[in-house]
2 protein chains.
Amino acid sequence: MTLNEKFRALQTKNAPGQEVRQNLGDINTIMIGKKIDGAPVDFSHGDVDAFPPTPNADTIWKEGFIRGASQAYTEYRGSADIRNKLADKLGKFTGQQIDANSELIITPGTQGALFLALGSTVTNGTKVAVVEPDYFANRKLVKFFGGEILPISLNYKDSQHENIPDLNQIEEAFKSGAKAFVFSTPNNPTGLVYSKNAINKIATLAATHNVTLIVDQLYSRMLYSGEEYTHLCSCGVQLENLITIMGPSKTESLSGFRLGVAFGTPKLIERMESLQAIVSLRAAGYNQAALYSWFEEPPGWIENRVKEHESIRDELLKIFRAGNLHTATPQAGSYLFLKLPPLSVDLHTFIRLLRYQANIIVTPGTEFDPSCNDSLRLNFSQDPSAALSAAKRIVKMTEIYST
Amino acid sequence: MTLNEKFRALQTKNAPGQEVRQNLGDINTIMIGKKIDGAPVDFSHGDVDAFPPTPNADTIWKEGFIRGASQAYTEYRGSADIRNKLADKLGKFTGQQIDANSELIITPGTQGALFLALGSTVTNGTKVAVVEPDYFANRKLVKFFGGEILPISLNYKDSQHENIPDLNQIEEAFKSGAKAFVFSTPNNPTGLVYSKNAINKIATLAATHNVTLIVDQLYSRMLYSGEEYTHLCSCGVQLENLITIMGPSKTESLSGFRLGVAFGTPKLIERMESLQAIVSLRAAGYNQAALYSWFEEPPGWIENRVKEHESIRDELLKIFRAGNLHTATPQAGSYLFLKLPPLSVDLHTFIRLLRYQANIIVTPGTEFDPSCNDSLRLNFSQDPSAALSAAKRIVKMTEIYST
């Protein structure tokens with residue numbers, strides 16, 4: 001693969017957050033009707049002004065800054081003291097004991113953790129099972145490292161959530177030589193959670209076929225009422241190679257600190273640290289201090305944050321369903337994946353129109369699955385009234401441009 | 001190359017800052033004499049307690065934190081407003097106009113910039129000219145991306161600094177198919193600065209042979225009295241592909257923020273951003289704000305910082321030369337590369353002994369050049385009296401273990 005080909009596969013022009021670099025083109029000649037007024041909403045990521053960082057995150061950062069050299073220059077895998085505390089807290093959260101010295105690394109965001117985990121697992125020709133739709137970087141990372149993607153369907157349009165992901169396809173992929181399987185649960189972009197049965201089956205298949213599992217649990221703390229979450233790392237199946245990824249960027253709104261954590265198999269953590277050393281040395285030293293606040297939020301703070309998001313979710317579902325737009329019901333997290341009706345314009349044009357005509361930024365479904373050219377992802381961690389008003393504008397726009 | 005081979009080449013156990021993970025082994029059976037008292041000094045990196053960050057770096061960070069969403073979620077290449085200001089300031093510093101929109105990216109440290117620049121230039125089989133000795137990650141990065149190293153001698157032991165690097169070897173490497181050349185000036189680990197003649201010759205050769213140049217100028221602001229610095233980007237030769245890397249981690253002691261900048265050819269900056277998107281999205285958002293303070297230090301602050309380092313350099317040179325230890329005279333930066341006399345123990349054992357017996361951490365020369373197994377690198381950005389006392393202990397240790 002030439003460098004040009006390699007980088008074509010990485011193109012970011014439709015990636016969330018990069019909309020400002022897009023050219024709107026001859027949008028006026030395509031637009032039907034007038035602009036639709038309403039407060040601008042950027043659904044491409046959560047709004048940390050609407051849902052601010054955990055209390056005192058800045059104060060804890062400042063304490064790290066004052067600590068000076070010991071906080072600025074940590075081991076590449078992160079401060080030993082912070083790793084000790086994280087191992088304890090994440091052990092309790094997941095139900096799996098974690099050794100702080102050998103089984104955990106602090107990374108520059110969960111994106112950083114994914115990069116390191118796949119970089120430590122995938123090389124030229126490695127077959128990797130990748131769920132579609134799933135986090136947009138998973139596919140790109142596998143390609144960048146020279147791997148081959150074995151796609152796994154999520155079956156998220158089924159009414160029975162028990163059927164996600166397609167376990168038969170996973171078994172087939174493992175039998176046909178997959179060396180690794182990467183997926184997110186709660187799933188990004190649908191907000192669906194893998195059931196206990198699915199997790200157990202995946203673990204059992206991985207153990208049988210000796211497949212490395214890389215599981216992105218970024219949103220596992222934002223679980224809605226009545227839902228159950230199964231941590232792969234404590235499901236009881238003995239796995240040779242497992243990396244679990246979490247971070248405080250979403251529920252806790254600490255994205256501006258670029259912090260993530262990966263824990264699991266020591267050999268892989270060791271590799272991830274070696275790679276981190278040539279990628280960016282370490283997660284920014286002073287920022288690491290903010291992890292002291294993680295899982296130490298004031299009583300009720302997390303519960304309230306989850307409740308507020310569940311309420312936005314419920315209202316959005318009402319609006320979209322009244323507008324005949326299909327979406328699976330997110331069980332966790334703040335993503336919602338919306339299926340559009342047949343439109344007179346293609347997906348990317350519709351998205352440009354949403355931005356120009358309705359003041360709304362969304363992410364195209366094709367970022368998550370090349371075949372999802374009829375879907376949008378929304379991050380609904382937004383000011384509630386702005387989000388609901390924007391949702392109504394989305395419905396209106398689908399009516400204007402319906403075939 | 002298997003993953004095991006790939007990661008063996010990346011091993012970090014002797015990398016600066018990782019000493020805490022080393023096993024001291026049976027050191028007591030090797031040690032000659034008693035422990036030598038003295039305040040511990042970690043020469044593996046600068047001491048930001050001895051030379052603290054630029055004034056108000058924390059206040060400027062806090063302003064970014066308060067700005068909220070717009071600072072937390074920037075474009076992957078970094079905040080547009082900060083890029084505008086940097087393009088202006090770096091344009092003035094280097095003498096080369098920079099377009100903030102297309103020619104500059106903010107990265108997680110200069111390490112991040114190097115990773116992105118090499119990742120955008122090197123793929124399987126790409127031949128890359130690499131100076132030896134030079135920054136330890138350069139060689140590792142080329143190998144990680146599947147490239148082939150064409151080594152270039154620095155000739156730093158010559159008394160004539162004009163002779164660094166070996167220009168004939170560079171011409172040979174370019175003629176034999178090198179697609180890229182990566183080097184640091186001021187050189188890490190020797191502190192030597194490439195002359196105007198060397199820079200012009202490198203640029204001319206690169207233009208002739210269409211070689212991408214990646215130049216790490218991290219230490220270019222800490223230039224000692226009487227020295228001259230030539231910026232490759234403004235040397236007057238029209239280059240097809242050039243990336244210049246700088247950052248505020250060293251002279252300005254902002255390493256704990258993990259910030260760097262790369263500027264140059266738009267096509268390469270575009271690739272670097274695409275890669276950054278799957279590596280860690282962006283340099284931590286709030287931290288980017290600290291770049292507002294860069295090149296805006298209070299009057300005299302930088303001059304004073306350079307003077308203080310020059311004074312430590314001069315004192316260290318006296319001590320080492322009185323002890324018959326060879327070192328080139330650093331012209332810039334805070335590194336000093338020390339050649340050891342023949343010893344009764346090997347380099348890595350001597351370094352373990354320095355740590356155990358004399359309370360001193362240094363980095364082995366082999367990190368910078370596989371053949372430099374008789375040298376140590378010191379970062380002398382340390383408390384002056386602690387550094388001088390430690391230098392005397394190093395001389396004493398070479399006497400104890402001399403053959």
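**Close-ups of a two-chain predicted model**

**View 1. How the two copies line up.**

**View 2. The interface between chain B and chain A.** Here 73 residues of chain B meet 73 residues of chain A. Together the two chains bury about 5900 Å², and 60% of that is on carbon and sulfur atoms. On the chain B side, the residues that lose the most area to chain A are B:Arg21, B:Tyr73 and B:Ile278, which together make up 13% of what that side buries.

View 3. Two salt bridges run between chain B and chain A. In one of them, the side chain of B:Asp58 pairs with that of A:Lys62 at 3.1 Å, N to O. Several elements of chain B give two or more residues to the side that touches chain A, among them α1 (3-8), α3 (57-67), α6 (109-119) and α10 (266-279). The top contributor on that side is α10(B), with eight residues.

**View 4. Surroundings of B:His309.** This histidine sits in helix α12 of chain B, which spans residues 301-322. At 1% relative accessibility, B:His309 counts as buried. Its side chain makes a polar contact with the side chain of B:Ser381, at 2.8 Å. Neighbours within four places in sequence aside, B:His309 also touches B:Phe51, B:Met222, B:Tyr224, B:Ser334 and B:Phe380.

View 5. Look for disulfides in any of the chains and you'll find zero. A:Cys233 is in no disulfide, and the nearest cysteine sulfur, in A:Cys235, is 8.3 Å away. Seen from the other end, the closest cysteine sulfur to that of A:Cys235 is the one in A:Cys233, and 8.3 Å is too far for a bond, because a disulfide needs the two sulfur atoms within 2.5 Å. As for accessibility, A:Cys233 counts as buried at 12%, and A:Cys235 counts as buried at 17%, the cut-off for buried being under 20%.

Methods
Residues numbered from 1 in each chain as written. Chains lettered and ligands numbered in written order. Predicted model: local features only at pLDDT ≥ 70, side-chain atom pairs only at ≥ 80, totals over all residues. Heavy atoms only, no water. Buried < 20%, exposed > 50% of the residue type's maximum accessible area, 1.4 Å probe, protein only. Helix = DSSP H or I, 4+ residues; strand = E, 2+ residues; numbered from the N terminus. Polar contact = N/O pair within 3.5 Å; in protein donor to acceptor, adjacent residues only side chain to side chain. Contact = heavy atoms within 4.5 Å. Buried area = accessible area lost by both parts, 1.4 Å probe. Salt bridge = Lys/Arg side-chain N within 4 Å of Asp/Glu carboxyl O.
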